[in-house]
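Thanks for coming. I have one model to show, and I will keep to a few local features.

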Amino acid sequence: MAIADQPETIATAIEHSTVRRRPTATSAGGLYNSPESTDSSGEDLVKDSGSDDFMDTVDSGVGYSQPPQKHEDKTSVLDFAYRPSVPAHRKVKESPLSSDSIFHQLQSHAGLFNLCIVVLVAVNSRLIIENLMKYGFLIKSGFWFSSYSLSDWPLFMCCLSLVIFPFTAFLVEKLAQRKCIPESVVVLLHIIITSASVLYPILVILRCDSAFLSGVTLMLLSCVVWLKLVSYAHTNYDMRQLTKSIEKGEAVPNTVNMDYPYSVSFKSLAYFMVAPTLCYQQSYPRTPYIRKGWVFRQVVKLIIFTGVMGFIIEQYINPIVQNSQHPFKGDLLYAIERVLKLSVPNLYVWLCMFYCFFHLWLNILAELLRFGDREFYKDWWNAKTVEDYWRMWNMPVHKWMIRHLYFPCLRHGIPKAVALLIAFLVSALFHELCIAVPCHIFKLWAFGGIMFQVPLVLITHHLQNKFRNSMVGNMIFWFIFSILGQPMCVLLYYHDLMNRKIKLDQS
C-alpha cells in the first residue's frame, strides 16, 4: 500500500494543507516550516506520531533541537500528534512470542523466566510439604557418617597411597631429562605407572566390601590421577621432541608455544596434581590474590546444595527406586511410569551435582590455588546436538581428549570418525569403571549408555541440518539425558545391586 511504502507523501501533503497555515503551527518552535530545525521538522513529527513511543518523546523533549519552553508549545505539538491521516502501521513486525521474534531478534523474556521460577518454587514447595506430611522425614541419622563407614579404611589408605605414582613418574622424567634411559624405556615405564594407578584401586575396592559412595570417590580420584599422569608423560615427551628439533635447527611451527625451556620440576608437577585441570604445562595463568570472603560464600553454597542433594536422594529417589521393579522385567507401562516419576528428582540431583562440582568445588579449588583459567564448562544447556553437549559440559575432560587422544589420532592418519569413536570408547570405559567397580557388578550398562551416544550424535546432526532449528536437537538432548537415560541407569544398577546382595545373603 502507498501508506506503508511511501509515508513521505502524507507528510508532504499535510505540510501543504491548511494545517500549515494555522497560526499555532508557526508558534510551535518552527515545527513545520523552520528550515533550521531538520530533526524536528513536520515531516519527522508526522512519521513519529504513528509510533507508540511518540508520547514519551513529547513528554521528555527527546528529538527536539531546542526543547519547548512554553506549555502552549507542547500543547500545539499534541494538537498534531496521532491525527487520523497519519498512518499507525508502518513496519512489518512479529509478535513477541513468535518463533522469528524469539530466536532471531533481541527479544527479552525475563518476565516469563521469572514466572517459571516462581511457579517452579511454588509447585515443588507444595510437593515437599505433601511428601513430609505423608511419609515423614526419611533421612536417617547415619546418612552422612555411620559406623559402617569405618570399615572403608582400606580405601582411605589406598587413596593416600596414590601419591606414589606421580612421584614415580617424576623420577622417570628426571632420568629421561638427563638421558640416563632410552625413550622406549621411558614410554614403557609410564605405561606401567599409569596402568598401576588404576588397577591398584580396582583391586582394593573389589577385595573390600565397602560402601558405594566410598568406592565411587576412590575410583573417580584414581581416574583423575591416571588422566593427569598420561598428560604429564605425553607433554614431557612432546617437549623433548620439540627441544631436539630446535637443537637440530629444524623449523618449528609458530603455533607451538616454546616460551619456556624444557625442564622437569617437582614443584610444577605437585601444583598440577592438585590444580583443577587435566592438561599439564609448566606454568598456568594465575590470579593476583585469594578472595577469602568469596571462598567462604562458595563453601556455604556447597554445603547447602550438598544437603539439598542428600534430601532429594533420601526423601524421593530411594523410596521410588525401592518400590520399583527391574525395567526389563515385568509390566512395560509400570516401568515407564517409574522411569518418568524418577526423572524429575533425578534431574534435580544431577543439576545440583553439576553445580556443586563443576562450579562451586572447582572454583573454590582454583581460587585457593590462584588458578586463572576457570572455564570448567560452557553453556551446555543450549546444546543443539549431543556432540555439542559432550564438548561443553566437562571442559577439563574435553581439553584432555582433544589434546592427548583425538588430535594425536588424526596426526597418525586415523580418520575423524574413527578418532571420535575411540574417544567415546575411552569415555565409556571409565564411566563403566567408576560405577561397575564400586557396585561389584559388570553388566556394561554405563558402557552401553555412553556408546549409545555415537548414533545419537549422527541423529541430532541430521535433525539439526534438516530442520535448521536449535530447539529440535536441544529437546532430544534433554529427553535422552534427563527423562530416559539417567533414570533408566539408576533403576538398572539398583536392581542388579539388590539381586547381588540377595545372592550373597543366601550363600
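The model is predicted, so local features need pLDDT of at least 70 and side-chain atom pairs count only at pLDDT 80 or more, while totals for chains, interfaces and linings use all residues. Residues are numbered from 1 along each chain as its sequence is written, and side-chain values use heavy atoms, with hydrogens and water left out.

The pocket first. About 1,500 Å³ of space lies in the second largest pocket. On a 1 Å grid over the protein atoms alone, where a 1.4 Å probe fits, a pocket is an open set with protein on both sides within 12 Å along at least five of seven lines, and lining residues have an atom within 4 Å of a point. The second largest pocket has 35 lining residues, and Leu120, Asn124, Val344, Pro345 and Tyr348 lie nearest its centre. Helix α8 gives the most to this lining, with 12 residues. Helices are DSSP runs, H or I, of at least four residues.

Next, the helix pair. Helices α12 (residues 212–247) and α13 (residues 266–274) pack at about 145 degrees, on a scale from 0 to 180 degrees between N-to-C directions, and their axes are 10 Å apart. Contact, meaning heavy atoms within 4.5 Å, involves residues including Tyr232 of α12 and Phe272 of α13.

Last, phi. Most residues other than glycine have a negative phi. Lys179 has a positive one of about 60 degrees, and Lys179 sits in the loop between α10 and α11. Arg370 has a phi near 55 degrees, in the loop between α15 and α16.

Terms used:
Grid points are joined across faces, edges and corners, and a volume is the space filled by probe spheres set on the points. Helices (H or I, at least four residues) and strands (E, at least two) are DSSP runs, numbered from the N terminus.
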